[in-house]
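Colleague: I'm new to this one. Can you walk me through it?

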Amino acid sequence: MIGTKGYAAQSPTTDLAPWDFDRREVGAHDVQFDIQYCGVCHSDLHQIRNDWFEGIFPMVPGHEIVGRVVKVGDQVTKFKVGDIAGTGCMVNSCRTCENCKDGLEQYCLHGNTQTYNSLDSYGDGSPTYGGYSNTIVVNEDFVLHVSDKTDLAATAPLLCAGITTYSPLRHWKVGKGHKLAVLGLGGLGHMGVKFGVAFGAEVTVLSTSPKKEEDAKKLGAHHFVVTSDPAQVEAVKGSFDFILDTVSAPHDFNFYLSLLRTNGTHICVGVPPEPAEIAAFSLLGGRKSVAGSGIGGIKETQEMLDFCAENNIVSDIELIDIKDIHTAYERMEKGDVRYRFVIDMATL
Ligand code: NAP
Ligand code: ZN
Ligand code: ZN
């Protein structure tokens with residue numbers, strides 16, 4: 001076993017604190033990499049609080065993981081010691097179902113194994129522990145190549161916030177000629193803006209935070225709408241082809257659906273703890289759709305990382321010491337992220 005240092009929540013009501021645990025030895029198909037940076041996703045907060053379902057405790061969160069390979073199994077072909085590697089939200093899947101074969105491991109029909117708060121049912125069945133830790137062992141099929149040309153700390157959030165926004169924009173072919181609204185300017189939202197702009201869409205940020213306007217424009221957004229201002233909202237009614245909804249808290253879908261034009265699509269990537277109520281009238285009036293998208297497959301994640309490396313796209317981050325994780329969570333809960341906290345794992 002590999003002795004590992006991490007930060008864990010012992011229960012849904014306790015703060016994260018240092019916790020030592022063991023990782024499996026590096027198997028024939030495994031890659032071990034020492035973690036240099038790990039992004040802080042709102043999903044970490046949802047899960048340590050049991051917002052979605054009963055979690056597995058102790059829980060070591062973190063699924064935006066980058067670092068340097070220190071050991072590879074003797075059957076590993078894709079990585080060598082010294083490479084820069086990354087892992088996102090998944091560490092395993094069945095590999096044999098229709099979706100896995102299609103490169104959609106995130107939709108594995110038998111369920112993928114999440115990087116933390118999951119049981120590795122395709123491995124030894126033990127709980128998985130995430131990236132708020134000093135080292136990780138992952139099957140090479142779920143390890144990504146990370147460029148050494150971009151800032152590594154700012155690259156970490158691409159492993160979740162990046163792919164979760166890239167994938168739906170690619171799937172719905174959002175680009176030139178489309179009006180895209182990004183709802184919520186946080187970790188996912190700011191990446192949605194960058195990709196929307198890179199793909200040629202006309203991008204509007206819909207935000208509850210008037211003070212984020214200047215940042216939104218710097219990120220490349222063409223317009224900014226404060227959703228609490230009726231005049232600003234009236235001006236964009238019925239205008240968007242797509243809304244990329246990254247909101248983490250309960251919100252009124254019927255209100256936002258009124259901002260879509262005919263045939264428009266509201267894409268849910270945010271996962272509020274409670275289900276939403278949608279009136280049929282909000283959809284049928286303009287043949288509107290509500291859709292959802294979960295992270296992205298491994299092949300597409302690599303494509304996204306390569307696209308970002310070529311186009312110099314990284315996340316806008318605040319690098320933090322791991323002991324400040326609770327302050328980061330508090331700020332995240334208030335919508336005060338600019339625009340992703342990333343933990344410098346050297347501070348562990
Ligand atoms: P985040 O950084 O906290 O950003 C969420 C943003 O939503 C906030 O900054 C805020 O932006 C807005 N917001 C918050 N409360 C709101 C409310 N009551 N009404 C309207 N807007 C509100 O979170 P994140 O890390 O980007 O994650 C966002 C959501 O996506 C979370 O639920 C997370 O679990 C989920 N997620 C899903 C996937 C997937 O595969 N689909 C992957 C990763 C994360 P403004 O200040 O601009 O209003
Ligand atoms: Zn995430
Ligand atoms: Zn599968």
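**Around helix α4**

Modeller: Let's begin with a helix. The buried residues of α4 are covered by elements that include β10, α5, β13, β14 (260-268), α10 and β17. Keep in mind that this is a predicted model.

Colleague: How many of the residues of α4 are buried?

Modeller: Nine of its eleven, so α4 is mostly covered.

Colleague: Which ones are they?

Modeller: The buried residues of α4 are Ala 161, Gly 162, Ile 163, Thr 164, Thr 165, Tyr 166, Ser 167, Pro 168 and Leu 169.

Colleague: And what follows α4?

Modeller: Lys 173 follows α4, and its phi is positive, near 50°.

Colleague: Let's move to the sheet. What is the strand order?

Modeller: The order is β12-β11-β10-β13-β14-β15. That makes an open sheet of six strands, with parallel pairing.

Colleague: Which strands stand at the edges?

Modeller: β12 (223-226) and β15 (289-292) do. Each has a single partner strand, so one side of each is left without a neighbour in the sheet.

Colleague: What is the average twist?

Modeller: From one strand to the next, the twist averages 20°.

Colleague: What holds paired strands together in a sheet?

Modeller: Strands of a sheet pair through backbone hydrogen bonds, in either a parallel or an antiparallel sense.

Colleague: Next, how many bridges pair β13 with β14?

Modeller: Five, in the parallel sense. Asp 245 has Cys 268 in β14 as its bridge partner.

Colleague: And from β14 to β15?

Modeller: Four bridges join β14 to β15, and the two run parallel. Thr 265 stands opposite Ser 289 in β15.

Colleague: New topic, the zinc ion (ligand 2). Which protein donors does it have?

Modeller: Cys 41 gives SG, His 63 gives NE2 and Cys 160 gives SG. These donors lie 2.0 to 2.3 Å from the zinc ion.

Colleague: How are the donor residues spaced in sequence?

Modeller: The spacing is C-x21-H-x96-C.

Colleague: Where do His 63 and Cys 160 sit in the chain?

Modeller: His 63 is in the loop between α1 (42-48) and β4 (65-72). Cys 160 is in the loop between α3 (152-155) and α4 (161-171). They are 97 residues apart, so the pair links distant parts of the chain.

Colleague: Are those two buried or exposed?

Modeller: His 63 is buried, with a relative accessible area of 3%. Cys 160 also counts as buried, at 4% relative accessibility. The cut-off for buried is under 20%.

Colleague: Now cavities. How many are there of 30 Å³ or more?

Modeller: Two cavities of 30 Å³ or more are counted. The largest cavity holds about 80 Å³ of space.

Colleague: What lines the largest cavity?

Modeller: Its lining includes Gly 88, Cys 89, Met 90, Phe 142, Leu 144 and Leu 159. Ile 163, Ile 295, Gly 296, Ile 298 and Thr 301 line the largest cavity too.

Colleague: What about the backbone at Ile 295?

Modeller: Ile 295 has a positive phi of about 25°, although it is not a glycine. Ile 295 lies in the loop between β15 and α10 (298-311). Ile 295 is buried, with a relative accessible area of 14%.

Colleague: And what is the phi of Asn 117?

Modeller: Positive, about 60°, and Asn 117 is not a glycine. Asn 117 is found in the loop between β7 (113-114) and β8 (135-139). At 8% relative accessibility, Asn 117 counts as buried.

Colleague: Last topic, cis peptide bonds. Where is Pro 58, and what is the omega from Phe 57?

Modeller: The bond from Phe 57 to Pro 58 is cis, with omega near -5°. Pro 58 lies in the loop between α1 and β4.

Colleague: What joins Arg 338 and Tyr 339?

Modeller: A cis peptide bond joins them, and omega is about -10°. Tyr 339 is found in the loop between α11 (325-333) and β17 (340-344).

Technical notes
Residues are numbered from 1 along each chain as its sequence is written. Chains are lettered from A and ligands numbered from 1 in the order in which they are written. This is a predicted model: local features need pLDDT of at least 70, side-chain atom pairs count only at pLDDT 80 or more; totals for chains, interfaces and linings use all residues. Side-chain values use heavy atoms; hydrogens and water are left out. Donors are N, O and S atoms within 2.8 Å of the metal (3.2 Å for Na, K and Ca); water is not among the atoms, so sites may look incomplete. Buried means under 20% relative accessible area, exposed over 50%, partly exposed in between (1.4 Å probe, protein chains only). Two strands pair if DSSP finds at least two bridges between them. Axes are lines fitted to C-alpha atoms, for helices over the stretch in contact, and angles run from 0 to 180 degrees between N-to-C directions. On a 1 Å grid over the protein atoms alone, a cavity is a set of points where a 1.4 Å probe fits but cannot get out, and a pocket is an open set with protein on both sides within 12 Å along at least five of seven lines; lining residues have an atom within 4 Å of a point. Grid points are joined across faces, edges and corners, and a volume is the space filled by probe spheres set on the points. Contact means heavy atoms within 4.5 Å.
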